[in-house]
Amino acid sequence: MSRFLHISLFSFLCIVIFSVTVSCVDEDEFDDTPNGNFEALWKIMDEHYCFFDYKGEEYGLDWDEVRLRYSKQVDASMTSLQLFEVLGNMLGELRDGHVNLYASFDQARYWSWKEDYPTNFSDTLQRRYLGTDYMISSGLEYRKLDDNIGYIYCGSFSNSFGSGNLDEIMLALSTCNGLILDVRGNSGGMLTSAEKLAARFTDEEILVGYMQHKTGTGHSDFSSLEEQKLKPSSGMRWHKQVVVLTNREVFSAANEFVKYMKCCPNVAVVGDSTGGGAGMPFSSELPNGWSVRFSACPMYDREKNCTEFGIEPDYEVQLTDEDFAKGEDTLIEYARMLINQ
């Protein structure tokens, strides 16, 4: 069993323990009133959210000040819709795409990490490159481009990739001069799928990053850094040049995938910074039955930098209006140029 998978199993046990701990905190201590639900939510986040110190340094987040400011907006006569809006706005102060509040009528979310930026991706342009006879395996779309460069589009890590599927894709593209691996628009999914795909691009076990676990209720209560290592696949592996295409919608498990790939040989990342999402999410419940999801286990790159706000590309390239008008994807063309050079 790889060290990475060992950490994954350990993380699963932490999830079970953590979930029991968090779910027991709230309903016994707070009433099902607007104020009770407000205090329950604030306390859940205060004791278990993992990026307070980091975001305090990055943009001055002060969770006690947030409580003082938003508590003034809560009163006993407010409706569920009004309370939901206040609680959602309070969570938005965390600037975290993994933080959500769920009610039967809505989902509070923070999506500025992608909505405030250009997508740098066009389905229309992509179809000009894929055509209509591209192949699909385990949700991966792939083909050989006309200059003998392989192209794989991975729009999600929600699928579990089979070793046989990945072997067939590697074999089909094995005669190509290089490979473009496009993860634009991939908002995440399963870390195991991200690992399986990245494992096709290294011949040796490599350090790709670190993670921590919460050990107490203080903002700085964490375990020591635990190594994340990527073990090479036992199946077919790619040894030629690879260009990974990214945009701001690359998030969560896809953000981790880009982190892994930057550690592999012969890999260049082209496009925009990723959207981030470097906290493993957990869930809890408020007295009124609303559930809240939040980041509780932080992850870092191999230089021990937090990637919560994204990973920068090796080459920053934006989709231009001029290329779009010509029916060309600026990022794909830049990747082809790198490989052909």
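At what angle do the axes of α2 and helix α4 cross? The sections below take up this crossing and other local features of a predicted model.

## Helix α2 against α4

The axes of α2 and helix α4 (residues 63-71) cross at roughly 170° and come within 11 Å. Because angles over 145 degrees count as roughly antiparallel, α2 is roughly antiparallel to α4. On the α2 side, the contact is made by Phe 38, Glu 39, Trp 42, Met 45 and Asp 46. Trp 63, Asp 64, Arg 67, Tyr 70 and Ser 71 are the residues that α4 brings to this contact. Sorted by class, the contact of α2 with α4 holds five nonpolar, one polar and four charged residues.

## Helix α2 against α5

Helix α2 (residues 34-48) also meets helix α5 (residues 80-92), with axes that come within 11 Å and cross at roughly 20°. Angles under 35 degrees count as roughly parallel, so α2 is roughly parallel to α5. The crossing of α2 past α5 is right-handed.

From α2, the residues in this contact are Pro 34, Asn 37, Phe 38, Leu 41, Trp 42 and Met 45. They meet Leu 83, Leu 87, Met 90 and Leu 91 of α5. By class, the contact of α2 with α5 has nine nonpolar residues, one polar residue and no charged residues.

## Helix α12

Helix α12 spans residues 330-340. At its start, a side-chain oxygen of Asp 329 lies within 2.9 Å of the backbone nitrogen of Leu 331. Leu 331 is one of the buried residues of α12, as are Thr 330, Ile 332, Ala 335, Arg 336, Leu 338 and Ile 339.

## A buried loop residue

Thr 307 sits in the loop between β12 (291-301) and β13 (315-316). Its relative accessibility is 2%, so Thr 307 counts as buried. Leaving aside residues up to four places away in sequence, Thr 307 touches Asn 255, Glu 256, Gly 276, Gly 277, Ala 278, Met 299 and Asp 301.

## Two residues with positive phi

Most residues other than glycine have a negative phi. Arg 95, which is not a glycine, has a positive phi near 50°. Arg 95 lies in the loop between α5 and β1 (100-103), and with a relative accessible area of 38% it is partly exposed.

Asn 148 is not a glycine either, and its phi is positive at about 60°. The loop between β4 (140-144) and β5 (150-153) holds Asn 148. The relative accessible area of Asn 148 is 27%, which means that Asn 148 is partly exposed.

How values were computed. Residues are numbered from 1 along each chain as its sequence is written. This is a predicted model: local features need pLDDT of at least 70, side-chain atom pairs count only at pLDDT 80 or more; totals for chains, interfaces and linings use all residues. Side-chain values use heavy atoms; hydrogens and water are left out. Buried means under 20% relative accessible area, exposed over 50%, partly exposed in between (1.4 Å probe, protein chains only). Helices (H or I, at least four residues) and strands (E, at least two) are DSSP runs, numbered from the N terminus. A polar contact is a pair of N or O atoms within 3.5 Å; within protein, one must be able to donate a hydrogen and the other to accept it, and residues adjacent in sequence count only if both atoms are side-chain atoms. Contact means heavy atoms within 4.5 Å. Axes are lines fitted to C-alpha atoms, for helices over the stretch in contact, and angles run from 0 to 180 degrees between N-to-C directions. Angles under 35 degrees count as roughly parallel, over 145 as roughly antiparallel, 65 to 115 as roughly perpendicular and the rest as oblique. A crossing is left-handed if the near helix is turned anticlockwise from the far one by less than a right angle, and right-handed if clockwise. Ala, Val, Leu, Ile, Met, Phe, Trp, Tyr, Cys and Pro count as nonpolar, Asp, Glu, Lys and Arg as charged, and the others, Gly among them, as polar.
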